[in-house]
Amino acid sequence: MATRLPSALPRRPTTALPFSPLNTHTSTAYLAPSHTPLSHTPSRAATLIRRPRRPYTFTQLVQLSDGSTYTIRTSSPLGMYKSTKDTRNHALWNPNEKALQNVEVDEAGKLAAFRERFGRGWDSATESVEQTPGATPEKAKKGAPAADAATPEDAGGEDALADLISGYAVGMPELPSISTPARGKKK
Amino acid sequence: MCTPTFRSLFTRLSLTSPASPISRATTFSISSALSSLTTTAIPSASSSPTQWRQSRSFHMTTAQAKSVVPAKGSKKTGKKSKKRSGKGGEGPDPRIVNLKASMPRTVPAPLRFARNRALRHWTIHRAWMLYQRKERERQAHELERMYQSMHHACEELRNTSGPGTREEGYLYRVAMEKHGMYGHNAVPIEYARSQTETPARRAWNHEWTR
Amino acid sequence: MTTLREAPRVGRQLLSSVSHLRPRAPGLDRYASTESTPPVVPDVELDSGLATPIVTRESINILDPRKRASSRTHELPHERYRFHAPKYYRGPLHPVQPPPSSDPIARDFAPGPFNLPRLKQTYQSTIASDIMTMMYQHTPPGTPDKPERIRLREWDDSSPYMKNRPKRGPRGADVLFPLEKSIDWRNIPEIRAVHIAMYLPQAKKNIDHITVGRAVLQSIAGVRTATTATRCSIYGNQAWEFIDKTINLVFPKIKEWRGFKGTTGDSTGNIGFGLEPQDMQNYPEVEAAYSMYPSKMIPGCRVVLETTAKSDRHARILCKALGIPFYGKIVD
């Protein structure tokens with residue numbers, strides 16, 4: 001309670017007594033809340049204590065792809081979650097697992113049907129492109145006249161196609177097993 | 001009925017610490033508190049169609065009331081509002097409405113416990129705090145003990161002359177030789193297999209080689 | 001005979017962590033300072049649960065509360081005298097203080113925990129000690145301490161005005177990063193918090209993006225964000241569970257995912273990564289109610305793992321131990 005000097009008080013002509021209890025009360029009733037952190041005044045802005053708003057959480061049983069289970073707290077209302085792909089059957093987390101290397105998802109048998117119809121020349125060509133990058137420029141050059149006529153800069157898939165064609169034309173002795181692609185190209 | 005479930009949450013893997021009866025009791029009391037606390041509903045895949053319709057109609061009324069006003073003015077504004085609202089001008093997306101309804105702004109009132117229940121909670125809470133504190137200290141002491149024994153072992157290695165005719169401290173120098181601690185292969189990726197409650201179908205891969 | 005029958009009970013009393021809360025049987029305490037033979041604690045409880053007498057309803061003596069109230073001579077205090085937690089915190093000097101948040105009548109009371117996350121348990125039982133052992137560096141006793149690197153620059157006393165000036169900060173940057181300490185049993189890196197944030201510039205056009213972002217965030221993180229914010233921080237058990245499901249369930253489902261970038265981190269031990277919008281549906285919670293969200297409006301998010309490590313390389317060791325691979329050149 002800081003007492004004010006009489007000179008600081010507002011002059012009121014009606015009040016004879018400047019130090020009447022009513023007057024002092026009105027002058028100190030309102031203390032402005034200070035927001036500066038360094039002030040040591042007991043007056044302080046009130047902080048609202050919020051009720052935590054949170055979602056309902058359930059206990060869920062998670063089954064990993066290898067059959068192991070554990071429970072988690074989750075906001076999902078399902079009682080059980082069966083995982084099809086997780087760290088237990090992913091090649092990145094199991095680098096020494098032979099069964100997980102080069103997994104080819106062919107559930108509907110479409111890849112097998114494709115190979116049945118068009119042969120395996122496509123697979124071997126792409127593999128040779130990936131494995132021998134030094135050999136590709138020559139093949140691309142040979143296949144270039146046909147490709148450059150239409151569009152000088154082709155997409156990667158088109159390049160692979162050109163490689164396949166040129167590789168088939170050039171590398172007949174190298175790839176003796178591909179006889180079926182010719183049938184595929186005609187169609 | 002729900003005892004085995006909740007017990008299993010705490011006694012999942014009894015390798016480190018046997019769960020005390022107190023922790024179980026805490027779970028019980030608190031779970032009852034939870035049911036009274038939370039009223040919000042999550043949009044679940046299995047939510048009944050009646051609920052869906054209710055929440056939808058609730059929001060639709062306000063949306064329609066808004067959209068009615070510009071429709072009075074002219075056809076142009078009506079078309080615009082149709083375009084903005086998206087599918088056929090039937091108001092906002094019902095999925096958005098559902099999401100909004102599932103996150104209400106109201107919060108439940110604070111809990112009010114009677115005397116006995118408050119005392120019960122207080123006791124359980126204090127016991128749970130005490131248990132946690134003891135667990136923390138036990139783990140810290142265990143780690144400190146391991147660190148001390150590593151220190152002693154290294155001191156022993158440093159003061160012994162190595163196998164055969166090796167000079168003193170050879171084994172110590174070999175042990176302290178650490179390379180690639182901050183590289184890619186510091187921790188093998190197979191190391192990260194977290195504990196589970198039940199084992200896998202093939203619990204151990206015997207063919208595994210480095 | 002009596003002692004034999006009581007042996008398991010005694011063992012349990014000794015073992016239980018809150019044994020000193022219960023009254024102890026007299027004569028169990030041994031005040032000698034010499035070592036005694038450890039008590040034989042049987043693994044299996046010998047007394048069967050079937051041996052306990054069956055409690056029937058009649059045998060329970062419950063006083064009728066109504067009768068008790070009518071027989072009470074004095075009046076209980078009225079309901080309005082019950083304590084209500086104040087809605088506002090008015091500072092430490094205010095006479096009315098809010099109760100601690102553990103008190104169920106407190107306004108910020110949140111019940112829990114309801115489980116022990118398996119990743120946290122794995123960390124406590126295995127990972128922490130393994131990191132400590134892996135990073136152990138022996139200092140023989142008697143080795144003098146390495147002098148601390150002086151990072152604040154002195155003033156050369158070329159001018160008399162430079163006397164008693166506070167030292168200058170490091171050249172180029174104004175901020176002193178925390179010093180990395182070698183890992184010992186007190187400062188093993190640990191997960192402190194996970195911060196998730198979504199950037200939604202489309203929300204300027206359509207406010208519904210914020211609604212969807214908040215809903216997704218609430219379902220995957222388990223906390224409600226503020227009304228207009230699409231970011232949240234989760235701590236403790238929730239953070240452990242979020243990391244667990246992100247590593248084990250979400251990352252493997254992302255196509256061509258190689259790991260975190262080697263350059264991530266803010267050099268004070270916080271590791272960040274991002275998730276594309278199409279990756280968000282890999283979270284089990286989003287997947288369970290995927291039809292409830294407008295699938296085109298589901299946003300991606302940025303996640304920062306805040307660890308107690310003081311440097312990125314220590315935080316990275318923790319991440320690797322938790323199962324997060326890194327790719328590319330590693331930059332500290």
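I looked up C:Asn164 and found it in the loop between α3 and β2 of chain C. Helices here are DSSP runs of H or I with at least four residues, strands are runs of E with at least two, and both are numbered from the N terminus. C:Asn164 is not a glycine, yet its phi is positive, about 60 degrees. Buried or exposed? C:Asn164 counts as exposed because it has 6 C-beta neighbours inside 10 Å. The cut-offs, with C-beta atoms placed from the backbone, are 20 or more others within 10 Å for buried, 12 or fewer for exposed, and partly exposed in between.

I noted the ground rules. The model is predicted: local features need pLDDT of at least 70, side-chain atom pairs count only at pLDDT 80 or more, and totals for chains, interfaces and linings use all residues. Residues are numbered from 1 along each chain as its sequence is written, while chains are lettered from A and ligands numbered from 1 in the order in which they are written.

Next I checked C:Glu256. This residue sits in the loop between α5 (236–250) and β4 (260–261) of chain C. C:Glu256 also is not a glycine and has a positive phi of about 60 degrees. I counted 4 C-beta neighbours inside 10 Å, so C:Glu256 is exposed.

Then I turned to omega. The peptide bond between C:Gly112 and C:Pro113 is cis, with omega about -5 degrees. C:Pro113 belongs to the loop between β1 (88–89) and α3 (118–134) of chain C.

I followed β2 (191–197) of chain C. Two strands pair if DSSP finds at least two bridges between them. β2(C) runs antiparallel to β6 (301–307) of chain C, with six bridges. There, C:Ile191 faces C:Thr307. β2(C) also pairs with β3 (231–235) of chain C, antiparallel, over five bridges. C:Ala197 has C:Arg231 as its bridge partner in β3(C).

Last, I looked up the chain contacts. Two residues are in contact if their C-beta atoms, placed from the backbone, lie within 7 Å. Between chains C and B, 54 residues of chain C and 57 residues of chain B take part. Which helix of chain C gives the largest share of the side that touches chain B? It is α3(C), with 10 residues.

Between chains A and B, 18 residues of chain A meet 19 residues of chain B. Strand β3 (69–74) of chain A gives the most to the chain A side, three residues.
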